[in-house]
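User: I'm new to reading protein models. Can you walk me through a few surface features?
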Amino acid sequence: MQYLEQLILPSLEACETLLDEKTIRAGGPAVGAIRRIFIVSTDSAQERDELVSSLPIWPRMETTMVPLTTCGGHATSLRPQLEGRKAMVQKQSTSA
């Protein structure tokens with residue numbers, strides 16, 4: 001009971017506030033698991049760390065952070081690789 005009152009409920013309330021402030025863009029409990037998943041918007045890794053460590057439950061939880069990029073950003077990073085592979089294939093076919 002103390003765990004719920006002092007850690008879980010205050011953490012959930014803090015997350016609701018962060019959702020209202022648009023710092024947490026989406027997220028909540030994962031269905032069928034004791035886990036919380038959030039998409040957050042911060043300006044730095046330090047700010048993300050401070051956000052997560054500010055939750056009352058933080059000392060008792062395991063945290064995994066996965067930075068995301070945009071689909072367009074990922075496509076931009078893949079184009080040079082694609083061009084390099086095309087050039088390699090073309091070079092191999094002309095030398096054969």
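Analyst: Buried means under 20% relative accessible area, exposed over 50%, and partly exposed in between (1.4 Å probe, protein chains only). This is a predicted model, where local features need pLDDT of at least 70, side-chain atom pairs count only at pLDDT 80 or more, and totals for chains, interfaces and linings use all residues. Residues are numbered from 1 along each chain as its sequence is written, and side-chain values use heavy atoms, with hydrogens and water left out.

User: Why does L4 count as partly exposed?
Analyst: L4 counts as partly exposed because its relative accessibility is 46%. You'll find L4 in helix α1, residues 2–20.

User: And where is V31 found?
Analyst: V31 sits in the loop between β1 (24–29) and β2. Because its relative accessibility is 86%, V31 counts as exposed. V31 and P56 are 25 residues apart in sequence, and their C-alphas are 22 Å apart in space.

User: How do I look for empty space?
Analyst: Rolling a probe the size of a water molecule over the atoms shows where empty space is left. Here, the largest pocket has a volume of about 1100 Å³. A pocket is an open set of points on a 1 Å grid over the protein atoms alone, with protein on both sides within 12 Å along at least five of seven lines; lining residues have an atom within 4 Å of a point.

User: Which residues lie nearest the centre of the largest pocket?
Analyst: R36, I37, F38, T63 and T64 do, out of 29 lining residues.

Notes: Helix = DSSP H or I, 4+ residues; strand = E, 2+ residues; numbered from the N terminus. 1 Å grid on protein atoms, 1.4 Å probe; cavity = no way out; pocket = protein on both sides within 12 Å on 5 of 7 lines; lining within 4 Å. Points joined across faces, edges and corners; volume = space filled by probe spheres on them.
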